[in-house]
Amino acid sequence: MLYQDFRRANALLNQHISQITADEVSFRIHYWGFMPSHYNNSLHRHSFFEICYVLEGNGEYSDNGVDYPLQEGTLFCSRPGIWHQIRSEQGLTLFFVAFEIDESRTSETYSRNFRSLIHRGKILAEPKDASISAQIWQTIFSMAESKHSVSKDMLQHLVLSLFLSFLHGLSSIPDLSVDSLDEDTEEHRLLKRAKLYIKDNLSSSLSIEHVSQELGISSRHLSRLFHSQFGQTFVHYVQERRVQKAKKWLLNSEIAIKDIAKRTGFDSVHYFTRVFTKKLGVAPAKFRKSQFADGRQDRKET
């Protein structure tokens, strides 16, 4: 690989990929790095995540005073607030990205999973656990260093996949989202049906007894499934879906807030405001007309 290829990759991603937003998750990206020869840096810390992939070379990574060996194919995570340092005598070829979760646009499930990396995640993922991230990293680099024009939409989807792959490689506990379940299990089929029913009936009164009856199982069984696979209660899951739906209407329509509350199944606009504010830290009216107003434009472009 040529030095100018790394420069082009750095310039392209730092100029054009600074925010990634999907239906349930959003990331603010502080910087990208494609470095052909990285040796030693000083002991330092960040207020955000910095995740690195070793394309070539060997060295050491120090995290909170503990040293970890670096080799080709290793993925490692600099956690927010932790003192860390990279050392290498021969030099490392590194890909890295610094980011934080935009929790105002991210579901509680994704926020919780990324927060778990801070206290319970792996510092270092061996090549076999980092293989998915590695393939996506190298695809992104290949696109960025290409002499042909790059599709921004394609690049953004790859970047989103890269960030979600970090959970796969660095999490020390199973992913709690339904998408991580084996598609052939009874649990997956039941939860898929439950999710679809909840999605299609958000404007109605949704009780766990009613949904479990639709599925032909006991409410106790359904409650256990939500706890074991989502790490939350049925009620909290439904509230999250309602808040996410309300967010879209607040950003992309002129529907009155009281009507949005009704359409998303809340008993009153006061209860809707209380739940929405608790989940996102901002009231619906302020969400619509303050700094989040630019979300309308963002939604139209994606």
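**Entry 1**

I started with β4 (residues 59-63) and β7, which run antiparallel and are joined by four bridges. I take helices (H or I, at least four residues) and strands (E, at least two) as DSSP runs, numbered from the N terminus. Two strands pair when DSSP finds at least two bridges between them. This is a predicted model, so I keep local features to pLDDT of at least 70 and side-chain atom pairs to pLDDT 80 or more, while totals for chains, interfaces and linings use all residues. Residues are numbered from 1 along each chain as its sequence is written, and side-chain values use heavy atoms, with hydrogens and water left out.

What stands opposite serine 62 in β7? I find glutamine 85 there. In β5, serine 62 has aspartate 67 as its bridge partner. Five bridges join β4 to β5, and these two also run antiparallel. They form a hairpin with two residues between them, and asparagine 64 in the turn has a positive phi of about 55°.

Put together, I get an open sheet of three strands in the order β5-β4-β7, with antiparallel pairing. β5 (66-70) and β7 (84-87) are the edge strands, each pairing on one side only. Neighbouring strands here are turned by 20° against each other on average, direction ignored.

**Entry 2: the six-stranded sheet**

Next I looked up the other open sheet, with six strands in the order β1-β2-β8-β3-β6-β9 and antiparallel pairing. Its edge strands are β1 (19-21) and β9 (124-125), and each pairs on one side only.

I walked along it from β1. A hairpin takes β1 into β2 through four residues, and three bridges join the two strands, which run antiparallel. Isoleucine 20 has phenylalanine 27 as its bridge partner in β2. How many bridges join β2 to β8? I count nine, again antiparallel; arginine 28 has its bridge partner, glutamate 100, in β8. Further along, β3 (residues 49-56) is joined to β6 (residues 75-78) by four bridges, and the two run antiparallel. Tyrosine 53 stands opposite leucine 75 in β6.

Helix α1 (residues 3-16) lies across β2 (26-38) and β8 (92-101), running at about 170° to β2. My axes are lines fitted to C-alpha atoms, for helices over the stretch in contact, and angles run from 0 to 180 degrees between N-to-C directions.

**Entry 3: α5 against α7**

Where do two helices meet? I picked α5 (residues 186-200) and α7 (residues 219-230), whose axes come within 11 Å and cross at roughly 100°. That makes α5 roughly perpendicular to α7; the cut-offs are under 35 degrees for roughly parallel, over 145 for roughly antiparallel, 65 to 115 for roughly perpendicular and oblique for the rest.

Contact means heavy atoms within 4.5 Å. From α5 I list Glu187, Leu190, Leu191, Ala194, Lys195 and Ile198, and from α7 His221, Leu222, Leu225, Phe226, Gln229 and Phe230. They divide into eight nonpolar, two polar and two charged.

**Entry 4: a charge over a ring**

Last, I noted that arginine 241 lies over the face of tyrosine 237, at 4.6 Å from the ring centre. The rule asks for NZ of Lys or CZ of Arg within 6 Å of the ring centre and within 35 degrees of the ring normal.

Notes:
Ala, Val, Leu, Ile, Met, Phe, Trp, Tyr, Cys and Pro count as nonpolar, Asp, Glu, Lys and Arg as charged, and the others, Gly among them, as polar.
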